[in-house]
Amino acid sequence: MLFWALALIGAQSIWLSYRLGRYLRVLIDNIITAKRYSCQAPPDLPRNDPFLGLDITFESYATIQNHRYLELCQQRFLKSGTTFRTKSMGVNSICTIDPENIKTVLSLKFNDFRLGEKREAAFVPLLGHGIFTSDGEDWKHSRRLLNPSFRRPQIGHLELYERHIQNLIGHIPRNSSSSVDLQRLFFDLTIDTATETFCGQSSLCLAPDKQSPMNTKFAGAFDRSQRTIANGVALGSLAAFTHTPAFNKDRHSVHEFIDYFVQKALERQSSSSSTSQGSNDHQNHHEAFIDRLTEEVQDPIRLRGEILNVILAGRDTTASLLSNLWFVLARRPDIWRKLREEIEFLGGHAPTLEQLNGLKYLRYCINESLRLYPPIPLNFRTSVRDTILPAGGGSDGQSPIFVPARTPVYYHVYSMHRLESIYGSDASDFRPERWESIRPGWGFLPFNGGPRICLGQQLALNEASYTTVRLLQAYSKIQSADPEPWQEALAISSLDLRATCLPSSMTSAATELLQRVGDQQTGIMNRITPTNPIYADRRQKAPLHIRPHKIAPVLRKQRTKAATESLRRPWRPRRNRVAEIDVNAQTRSCGAVGAVRDALIEAEGPDRDGGETAVEFDYVENEWDEDENVDEAD
């Protein structure tokens, strides 16, 4: 017994010595590398717990519960500078709002960072493998597969939006003394348009009398299962513990809905008639998305994953943008009047794409809404090797900083969009006129940047613009029934949140639209009155008249130890064709093509992807050439 006890103690001593030696070797290597490239440490966020940073963790959790986390983050940057180092739950991480650092993470040194496996562990059970959950070769394959479907010929048709907006107006009471939760309606609108765009058939949340039993189950199941996977992200590798029988039932309903359309598309593909199926051209156009995928992929599980990924992203981003914009419009009659004046020339008719292009003030308002209330206010990447960020070190914050492998780097879009150095002393005010002259480049990232720029950004902008114009035409006045200030509600995807507005003075254009909705929809609309009020949240039991407003930005990640523990083994991407990203260098060694592209990044801002723009927003400045440059993207 004594022998085995001594042997066990000896083995533990050897293991501890090995771990200590390895730690010291890595520490010394990091110090040498940092000194070689003149790196200096960024300031540390003050904390009381120097070992685990539990006070930082508890403070963050408390403000999330009180819907003040984004405000807390902004205060931290005001105290510690545009880049600082922090520790939470024992994990060292870097937080930044410096546009140069964000450009480096998302574009210049794209290969040095990845999403990590925490998202995959939480999202794949519901969403499967797709562009939103993948890294590396899987992500590149999804990007190549989906990119052609987001070009202008596919996103430029507005007839789909028109029909669903009519359904939305049918839910707005004509009685000027009645209130309505616009945000709930916006989420129903965007799930209806997203399912029809990507599946060929709408979920019809705004037309429940026309829903099939399968559609009825899908809409509620999709909402509930999203909340479950949000909890799964927080648990990391323990996400499986959130898979309750209720979640499994909802997941089955979601998969059953998508599988039906996948199977129909595969049948059309097998009979070589994908372009001639359906009874009319309108339906064929919206089935083209899923039909086009079947030309490249015949695996029904993979097809289901790709469709669910784009539905999730397309629905939440647009609903968040509309909710935030109309929260402001209900409180700013001056902006409302200017927008109404700008669209007078339409005479109540639906705008064309060319006419939307000419609505400059609407463009400025949407830009300003995306700036103050970005749909993705906070995101992060994890370094897969030792690398360097160009700024944030030293007392002046101008020296480069060394980033060891497996370090989370958080970039806070919400706080960056409020930098006075970019947007002026009134950066916290909603002032659309600022977009007449500013071009913030990488200081404006509502849809991310670099190779992983949101493919569906034009889809979201077209829908938000068209919806806003049609509602402006339908009502001559709007006022807020919610006196509370804007409040965040952070989640993996947008929650059922509150945004109550009071419409009044319906115009003849709105009456005309309502007549086209039909008797069934008018009956639904008439039931939404103060005596039978709608609810802000399907889980809420009491009727809503005036409730605190909680808008829906999307928080994709939270700082947890799992974010770095999932990257124990270094990840090695393929080498670039155009430009080599040196692990320990501050800049890329580029050929002629790479040098030209670097100049574009410096001068114009984030790389953009997705073809021509239906509504030419200022930040859509240059495109990422998918065919030529995708090999640069991990």
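Residues 24 or more positions apart account for 78% of the contacts in the protein chain with a separation of 6 or more, a contact being heavy atoms within 4.5 Å. The model is predicted: local features need pLDDT of at least 70, side-chain atom pairs count only at pLDDT 80 or more, and totals for chains, interfaces and linings use all residues. Residues are numbered from 1 along each chain as its sequence is written, and side-chain values use heavy atoms, with hydrogens and water left out.

The protein chain has 24 helices and twelve strands. Both are DSSP runs numbered from the N terminus, helices being H or I with at least four residues and strands being E with at least two. Of its 634 residues, 59% count as buried. Buried means under 20% relative accessible area, exposed means over 50%, and partly exposed lies in between, with a 1.4 Å probe and protein chains only. The accessible surface of the protein chain comes to about 26,400 Å², and 53% of that belongs to carbon and sulfur atoms. Accessible areas come from the Shrake-Rupley method with a 1.4 Å probe; for residues, only the protein chains shown count as cover.

**Salt bridges**

The structure holds 26 salt bridges. A salt bridge is a side-chain nitrogen of Lys or Arg within 4 Å of a carboxyl oxygen of Asp or Glu.

| Pair | N to O distance |
|---|---|
| Lys103 and Glu100 | 3.2 Å |
| Lys140 and Glu137 | 3.1 Å |
| Asp259 and Arg304 | 3.0 Å |

Asp259 is partly exposed at 27% relative accessible area, whereas Arg304 is buried at 14%.

Lys103 and Glu100 are three residues apart in helix H4 (residues 99–108), and therefore about one helical turn separates them. Lys103 is buried, with 1% relative accessibility, while Glu100 is partly exposed at 36%.

Lys140 and Glu137 are likewise three residues apart, about one turn, in helix H6 (residues 136–146). Here Lys140 is buried at 0% relative accessibility, and Glu137 is partly exposed with 44%.

A network of salt bridges links Arg184, Asp188, Asp223, Arg315 and Asp316. Arg315 belongs to helix H13 and is buried, at 2% relative accessibility.

**Surface patches**

Patches are made of residues with over 30% relative accessible area and no salt bridge; like charges are joined within 9 Å, and nonpolar side chains (Val, Leu, Ile, Met, Phe, Trp, Tyr) within 5 Å. Lys and Arg count as positive and Asp and Glu as negative, while His and the chain ends are not counted. The place of a charge is taken as NZ of Lys, CZ of Arg, CG of Asp or CD of Glu.

Arg19, Arg22, Arg25 and Arg406 form a positive surface patch. Arg19 lies in helix H1 (residues 2–36) and is partly exposed, with 41% relative accessibility.

A nonpolar patch on the surface is made up of Leu20, Tyr23, Leu24, Leu27, Ile28, Ile31 and Ile32, with about 680 Å² of accessible area together. Leu20 is placed in helix H1.
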